[in-house]
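Have the sequence and the model open as you read.

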Amino acid sequence: MRLRSFVGSIAIWALAGCVSSGVDGLNGAEVNEISGNQPYSISTSSDHARVGDTSQRFELRHGDCRGYDCDNDRQRIELFQSYQAENTSVGETIWYGWSTYLPEDFQDISPANTLMGQVKLKDWRGPMWSLEIKRGALSLVIENAPNFGTDCPVVWLSQMRGRWTDIVVKADYRLRPQESRSLEFWVNGQRSRCGWSGPLISQEMLDLSTTDRLSFRYGIYNSYVSRWLSRNATRRVTADQFVDLHEDSGHIARSPSNTPFLYDWGVELPTFVAYYDEVRVGSSREAVDVRMIYDNN
């Protein structure tokens with residue numbers, strides 16, 4: 001039985017049978033309200049499918065921002081798991097699985113960031129962990145690390161273009177993780193050397209949050225895009241530097257402008273397209289790993 005798939009900003013329908021919806025095992029997936037809201041932003045596509053006939057197609061173009069993002073050097077099209085859904089509680093080990101297909105022309109816009117997946121705790125600004133395209137790889141980033149910005153290349157971007165990549169994540173959200181590694185990854189069935197050995201959650205985070213629930217998010221999310229625009233600009237832009245203070249963690253990020261889409265840099269961000277399929281959140285690897293699910297059937 002397929003659960004709900006969210007397409008566009010207003011339509012939800014139930015799917016069943018052998019046609020892949022792009023979302024399986026999530027208790028509904030909702031569009032982040034500050035996501036781009038264009039006819040092309042998110043759709044069901046038959047161009048590529050990991051299983052069945054269709055997948056979710058995301059497209060993000062220069063200036064596709066809304067609300068907070070437009071004044072904070074960001075743009076995105078992102079789906080998120082409800083905080084009230086199953087398998088969202090702090091104090092548990094939660095598994096995530098999904099497949100993504102990146103076209104051959106998918107670009108890395110470092111030193112700007114391109115997030116493809118993250119887990120958030122309500123009222124804490126930074127993610128517990130995220131997967132970001134940077135320096136030629138899809139990298140694990142832990143924002144609450146002692147040295148903020150610690151990252152590890154999970155899979156090289158060159159290995160992802162033009163094919164499906166299956167990703168599985170195991171995350172232990174206990175204050176004192178039960179195992180030596182609180183975060184582990186598998187890529188195309190192989191365990192990655194990337195991971196995390198310390199707690200993903202702290203008491204300080206829980207004290208600032210109004211809930212102990214987490215939310216898994218995926219799509220295409222660019223942050224600090226003015227870094228790339230400034231580096232590649234063909235026209236001179238005079239703007240005030242953006243100093244972005246994360247008040248909860250104390251982290252400070254800097255970029256050339258908080259409102260990059262108000263200026264003509266002589267260049268625009270590339271258009272990003274990504275496909276997602278077989279997205280699941282569960283309590284075991286067997287419940288979320290597309291390879292194990294279909295191998296066992």
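Arg135 is exposed, with a relative accessible area of 56%; exposed means over 50%, buried under 20% and partly exposed in between, using a 1.4 Å probe and protein chains only. This residue lies in the loop between E9 and strand E10 (137-142). Strands (E, at least two residues) are DSSP runs, numbered from the N terminus. The model is predicted, so to speak of local features a pLDDT of at least 70 is needed, side-chain atom pairs count only at pLDDT 80 or more, and totals for chains, interfaces and linings use all residues. Residues are numbered from 1 along each chain as its sequence is written, and side-chain values use heavy atoms, leaving out hydrogens and water.

Arg135 is not a glycine, yet its phi is positive. Asp73 also has a positive phi without being a glycine, but at 0% relative accessibility Asp73 counts as buried.

| Residue | Phi | Loop |
|---|---|---|
| Asp73 | about 65 degrees | between strand E5 (55-60) and strand E6 (74-81) |

Two strands pair if DSSP finds at least two bridges between them. E8 runs antiparallel to strand E15 (residues 214-223), joined by eight bridges, and Leu121 stands opposite Leu214 in E15. Five bridges join E8 to strand E9 (residues 129-134), again antiparallel, with Gly117 opposite Leu131 in E9.

In the loop between strand E7 (93-101) and E8 sits Pro111. The peptide bond from Ser110 to Pro111 is cis, with omega near 15 degrees.

Note on methods:
Helices (H or I, at least four residues) and strands (E, at least two) are DSSP runs, numbered from the N terminus.
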